[in-house]
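Hi there,

Here is the structure I promised to pass on. Please have a look at it first, and then read on for my notes.

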Amino acid sequence: MTEAVWQVEPSGPLRGDIQVRGSKNAITKHLVAAMLGEGPSTFHNAPEVGDVTITAEMLEALGMSVERSDGSITVAPGEVPESRVPEAFTGLNRIPILMLGPLLHLTGKAYVPLVGGDPIGRRPVDFHVDALRAFGAEVEVGDGGITASAGRRLHGTRIELPYPSVGATETVLLTAVRAEGKTVLRNAATEPEIVELALFLQRMGARIELNPDRRIVIEGVDRLRGAETTIAGDRLEAFSYLVAGLVTRGEVRVHGCPQDRLVTPITTLARMGARFEITDDWIMASAPDGLFPAAVHTDTHPGFATDWQTPLMVLFSQADGMSVLHETVFDNRLVYVPALKRMGCEIEVFAACLGGPACRFHDTNSVHSAVVRGVSKLKGADVRLPDVRAGFSAVLAAAVADGPSTLRGVRHIERGYHRPLEQFQTLGLRINRAET
Ligand code: EPU
């Protein structure tokens, strides 16, 4: 069987303008929210990424109509949907589990195949399952998937998450909006994509209160209508392309992502020596005087997002000195380090908590800290990409290497980035897709 690969040749400083689309981690959840509307919902500024296609196909398999044209997507839920997400969607992404709550409201029963996504940790689903049970659902986790049923309408409840999980917060939001009575969620995630989803649900007619201290109160309503929104620019993509400019000693101007979604990483990069120009429309970064090392720990919002650490790691390899990265969100997110090491990055990984306060992985065997020595001379290599964000970092390493690289498993990047090949070509990178 042939496989698509990317061939990358180092091409000097990357320069130019990038327009980011709406984020994959927002649009996919909005598509699930649309299941609950009595009429069609429309989303603008949708990215063309694999995860959107997968989610749209799941909705179609449930009997809903999905129309895509020119960056807009319209979902028409129709009458009572199917209650099973087909097994064919097993392991493709993390969206099916979010459909359990909406399916229970619409049909009283639900089956979803086990979720996939990137191999970046154990990624259990216990918070989701516990939350659904608290709403009154019966939930059974089998080897192949999750079966749920509700004899009567789900009811509001009090839930405290053990950790502010993005996905579990979304499960609670998407279930509580149509449950009977009030739900109080404590220790909720507050990522911008969560707030964006809450705003969209409010447009649909939901009653949601966002309180200080990670507390969300939702009063269930009997019906929700379809609504329309424009998805905000992807903060993970925006950061990645800014780093693409910095790491190659170029200058990339990113349009379409609001500054308030990038407050923490802009300051991190500025401390490393990056110079920024910021307007209402774009953000541009360059580092004409070189880069300093840094110690960074990932965190929930508004901390430094775990998804920003993969490009940062390559940037560390080009900063003058020793940098430290402490991953505190996922227990196994450094799986991509061997590929970067083969490309010449000098990285050592540790199970200890380095470069920040002790995290919940401190007395486990989880390898979640890294020390990176720069400036490293990177070399071209033939590497396999393990996940979407790690894939981007391999392209960055290939862009500063001393010879050509072949990157395999590019479907991971294509699952999460809008037209990445074209975007890199626009910036001047010699990159091609081939079948091998
Ligand atoms: N967790 C549990 N039990 C659960 C749910 C989560 O223990 O039932 C733990 C996880 O194992 C992890 C932590 O809670 O250690 C945080 O996980 P979270 O649920 O917040 O992550 P997620 O919802 O699965 C989303 C994004 C990720 C992003 C994280 C953190 C989507 C589709 N994925 O994952 O994005 O890194 O939040 O912000 O929204 C990516 O885009 O490449 C990506 C991996």
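Let me begin with D307, which sits in the loop that runs between β17 and α9. Is D307 buried or exposed? Its relative accessibility is 16%, and because anything under 20% is called buried, D307 falls in the buried class. Its side chain also has a partner: D307 and R333 are joined by a polar contact of 2.9 Å between their side chains. Please keep in mind throughout that this is a predicted model.

The loop between β17 (295-297) and α9 (309-317) also holds P302. The peptide bond that joins H301 and P302 is cis, with omega at about 10°.

**Other backbone points to check**

A cis peptide bond also runs from G374 to V375, where omega is near 0°. Here V375 belongs to the loop between β20 (369-374) and β21 (382-384). With 25% relative accessibility, N45 is classed as partly exposed.

**The ligand and its surroundings**

Which residues come nearest to the ligand? They are K29, D126, S165, V166 and V329, out of 24 residues around it.

- S165: an N or O atom of its side chain is 2.6 Å from an oxygen atom of the ligand.
- R389: a polar atom of its side chain lies 2.8 Å from a ligand oxygen.
- R360: the distance from a side-chain N or O atom to an oxygen atom of the ligand is 3.0 Å.

How much of the ligand does the protein bury? On its own the ligand exposes 830 Å², and 92% of that is buried by the protein.

The shell around the ligand is made up of 10 charged, nine nonpolar and five polar residues. Four helices each supply at least two residues of this shell: α1 (24-33), α4 (126-134), α5 (166-176) and α11 (388-399). Both domains take part, with at least three shell residues drawn from domain 1 (4-20 + 233-435) and at least three from domain 2 (24-230).

**The chain as a whole**

Stepping back, the protein chain contains 13 helices and 23 strands. Its C-alpha trace spans about 65 × 45 × 45 Å along the principal axes. Does the radius of gyration agree or disagree with that of a compact globule? For 436 residues such a globule would have a value near 22 Å, and the protein chain has 22 Å, so the two agree. Of those 436 residues, 58% count as buried.

Happy to talk any of this over when you have had a look.

Best wishes

Key
Residues are numbered from 1 along each chain as its sequence is written. This is a predicted model: local features need pLDDT of at least 70, side-chain atom pairs count only at pLDDT 80 or more; totals for chains, interfaces and linings use all residues. Side-chain values use heavy atoms; hydrogens and water are left out. A residue is near a molecule or strand if one of its heavy atoms lies within 4 Å of it. A polar contact is a pair of N or O atoms within 3.5 Å; within protein, one must be able to donate a hydrogen and the other to accept it, and residues adjacent in sequence count only if both atoms are side-chain atoms. Accessible areas come from the Shrake-Rupley method with a 1.4 Å probe; for residues, only the protein chains shown count as cover. Ala, Val, Leu, Ile, Met, Phe, Trp, Tyr, Cys and Pro count as nonpolar, Asp, Glu, Lys and Arg as charged, and the others, Gly among them, as polar. Domain bounds come from an automatic or database domain assignment. The radius of gyration is taken over C-alpha atoms; the globule rule is 2.2 Å times the number of residues to the power 0.38. Buried means under 20% relative accessible area, exposed over 50%, partly exposed in between (1.4 Å probe, protein chains only).
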